[in-house]
Amino acid sequence: MSLEGKLISQMEMKCSGHLLYEHFKSNPHKTSSMSPDKITNFTIHEGQLGKTNSVVSWNIILGGKERHVKQVLHIDDEKRSITFNFNEGYMNELYKSMEVTLTAEENFITWTLVYEKLNDNTPEPLDFMEFLIGLIKDLETHHIGK
């Protein structure tokens, strides 16, 4: 059984996918007000919003519990993608590595999770993918018509 995996979810949006890309790039601190049942806090530790190699952390609600995750960001304006490399927190307790990429194309958002489990008993991160899909739906509701 392989410890490495990849999950991909592509969703058609009722608003521009580019709006959601810009949200995560420039306004992630506003996410908790748009999706308070999923995000309770956002903090930037190093760097600046919208800049590659910035270090950020989120408090998220996953599995009915508040969890802390910390990430280093890579932003690619040409591809309209943001990669979140997890380097501390809850996901690092379960996975040797995890990288999540958000990509925006016209009215589509794609989440790509690439991960390596710590061992065979570690579950696939299906609950986290479900969390990300729900988060995008919450943000979409906020951005419809904009």
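**Cavities inside the predicted model**

In this predicted model, the second largest cavity is lined by Phe24, Lys25, Pro28, Phe42, Ile44, Gln48, Leu49, Gly50, Ser54, Val56 and Leu73. The space within this second largest cavity comes to about 40 Å³, and two elements, helix H1 (17–26) and strand S2 (39–46), each supply at least two residues of its lining. Sorted by class, the lining of the second largest cavity holds seven nonpolar residues, three polar residues and one charged residue.

How many cavities of 30 Å³ or more does a search of the whole structure find? The search finds two, and the largest cavity has a volume of about 130 Å³. The elements that give two or more residues to the lining of this largest cavity are strand S3 (55–62), strand S4 (65–76), strand S5 (81–89) and helix H4 (126–143).

The lining of the largest cavity is made up of 14 residues, and those lying nearest its centre are Trp58, Gln71, Phe128, Phe131 and Leu132. Helix H4 provides the largest share of this lining, with four residues. By class, the lining of the largest cavity has 13 nonpolar residues and one polar residue, with no charged residues, whereas the lining of the second largest cavity includes three polar residues and one charged residue beside its seven nonpolar ones.

Notes:
Residues numbered from 1 in each chain as written. Predicted model: local features only at pLDDT ≥ 70, side-chain atom pairs only at ≥ 80, totals over all residues. Heavy atoms only, no water. 1 Å grid on protein atoms, 1.4 Å probe; cavity = no way out; pocket = protein on both sides within 12 Å on 5 of 7 lines; lining within 4 Å. Points joined across faces, edges and corners; volume = space filled by probe spheres on them. Nonpolar A, V, L, I, M, F, W, Y, C, P; charged D, E, K, R; others polar.
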